[in-house]
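Reader: I am new to reading protein models. Could you take me through this one, question by question?

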Amino acid sequence: MRILLVDDHPLIHEALAVILSSQGEGLTHESASSFEQACELLHQDAGFDLVLLDLGLPGFDGIGALQALRERFPDQSVVVISAQEGPDVIHAALDAGAMGFIPKTFQPAAIRMAVRFVAAGGVFVPQQVLQHGARSSLPMPGGNAAQIPAPETGLADDARLRTELGLTPRQFDVLKFLVRGMSNKRIALRLELSDNTVKAHVAAVLRTLDVSNRTEAVVMASRRGLRAVS
């Protein structure tokens, strides 16, 4: 697994490098200290499995860096790792296509397990963004990393899960791409549908799952075992 760390603080680079190095063999990483350097590396090498992106890069506010990176590299898996950890920021990042959000206040073990969870196709969401009063097995900042649900070793049984969720085959296809962080436009291109048709399918998915937005749909699907598709 190859990871690109994007953060303008050298100490954060060093800390994350140490944390990720302890994942064991098979994981390598490179670092970029600016958005421009990250883009240059991604242009030169499309082989990164994951980008760990800090939101506080110079020249960007809010989730601007994430939006810009997703616009240039829409198929690249990105996880935000940030000191900004309010629910509104987390929701905005996930809605913009992030495959997860890791607060920098997490303990090293929690960061490692969150990265593994995303690498297995899941979407990592901190406790504070989960709604409907459901008790989460994800760790609060500084909490016990062992509480993160272990990623499944294989793909979920799509037919079983689709039936359990009450979705049509096409709605389920759309949900799988939502888990991948894709926009309606890119889903339309992948499924050869019109933008309006995809929008209608997304609305139907939200209504069937009884959730109010894409983020909640993605969280529910990921926690039920649905993994991102390539």
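Reader: How many aromatic pairs does the structure hold?
Author: This is a predicted model. Rings pair if their centres lie within 6.5 Å. In this structure, the number of aromatic pairs is two.

Reader: Is the pair of Phe35 and Phe60 stacked, tilted or edge-to-face?
Author: The ring centres of Phe35 and Phe60 are 4.9 Å apart. Their planes stand at 55 degrees. Planes under 30 degrees apart count as stacked and over 60 as edge-to-face, so the rest are tilted. The pair of Phe35 and Phe60 is therefore tilted.

Reader: How many residues apart are Phe35 and Phe60?
Author: Phe35 sits in helix α2, residues 35-44. Phe60 sits in the loop between β3 (50-53) and α3 (64-72). The pair links distant parts of the chain, and the separation is 25 residues.

Reader: Is Phe60 buried, partly exposed or exposed?
Author: Buried means under 20% relative accessible area, and exposed means over 50%. Phe35 has 4%, so Phe35 is buried. Phe60 has 23%, so Phe60 is partly exposed.

Reader: Is the pair of Phe106 and Phe124 stacked, tilted or edge-to-face?
Author: The ring centres of Phe106 and Phe124 are 5.8 Å apart. Their planes stand at 85 degrees. Over 60 degrees counts as edge-to-face, so the pair of Phe106 and Phe124 is edge-to-face.

Reader: How many residues apart in sequence are the parts that Phe106 and Phe124 tie together?
Author: Both Phe106 and Phe124 are buried. Phe106 lies in the loop between β5 (100-103) and α5 (108-119). Phe124 lies in the loop between α5 and α6 (158-165). The parts they tie together are apart in sequence by 18 residues.

Reader: Which residues have the most contacts inside the largest nonpolar core?
Author: The chain has 230 residues, and 47% of them are buried. The largest nonpolar core has 72 residues. Those with the most contacts inside this core are Leu4, Leu52, Leu53, Leu69, Ile102 and Leu175.

Reader: Which residues does Leu69 touch, leaving out those up to four places away in sequence?
Author: Leu69 is one of the residues with the most contacts in the largest core. Phe35, from the tilted pair, is among the residues that Leu69 touches.

Reader: How far apart in space are Val6 and Ile81?
Author: Val6 is found in strand β1, residues 2-6. Val6 is buried, at 2% relative accessible area. Beyond four places in sequence, Val6 touches residues including His13, Ala32, Leu52 and Leu53. Val6 and Ile81 are 75 residues apart in sequence, but from C-alpha to C-alpha the distance is 9.3 Å.

Reader: Which residue has its backbone nitrogen 2.9 Å from a polar atom of the Ser82 side chain?
Author: Ser82 is in strand β4, residues 78-82. Ser82 is buried, with a relative accessible area of 1%. Beyond four places in sequence, the contacts of Ser82 include Asp54, Phe101 and Ile102. The backbone nitrogen 2.9 Å from its side chain belongs to Gln84.

Reader: Which backbone nitrogen does the side chain of Gln171 reach?
Author: Gln171 is in helix α7, residues 169-179. Its relative accessibility is 11%, so Gln171 counts as buried. Further along the chain, Gln171 touches His201, Ala204, Val205 and Thr208. At 3.1 Å, its side chain reaches the backbone nitrogen of Thr168.

Reader: Is Asp195 buried, partly exposed or exposed?
Author: Asp195 belongs to helix α9, residues 195-209. Leaving aside neighbours within four places, Asp195 is in contact with Asn184, Lys185 and Ala188. Its relative accessibility is 43%, which lies between the cut-offs of 20% and 50%. Asp195 therefore counts as partly exposed.

Reader: Over which residues does pLDDT stay under 50?
Author: The mean pLDDT of the chain is 80, and 84% of its residues reach 70 or more. Where pLDDT is low, the predicted coordinates should not be read in detail. The stretch with pLDDT under 50 is residues 131-156.

Reader: How many helices and strands does the chain have?
Author: Several of them have come up already, including α2 and β4. In the whole chain, the count is ten helices and five strands.

Methods: Residues are numbered from 1 along each chain as its sequence is written. Side-chain values use heavy atoms; hydrogens and water are left out. Helices (H or I, at least four residues) and strands (E, at least two) are DSSP runs, numbered from the N terminus. Buried means under 20% relative accessible area, exposed over 50%, partly exposed in between (1.4 Å probe, protein chains only). A nonpolar core is a set of buried Ala, Val, Leu, Ile, Met, Phe, Trp, Tyr and Cys residues joined through side-chain atoms within 4.5 Å. Contact means heavy atoms within 4.5 Å. A polar contact is a pair of N or O atoms within 3.5 Å; within protein, one must be able to donate a hydrogen and the other to accept it, and residues adjacent in sequence count only if both atoms are side-chain atoms. pLDDT is the predictor's confidence in each residue, from 0 to 100. Rings of Phe, Tyr and Trp (its six-membered ring) pair if their centres lie within 6.5 Å; planes under 30 degrees apart count as stacked, over 60 as edge-to-face and the rest as tilted.
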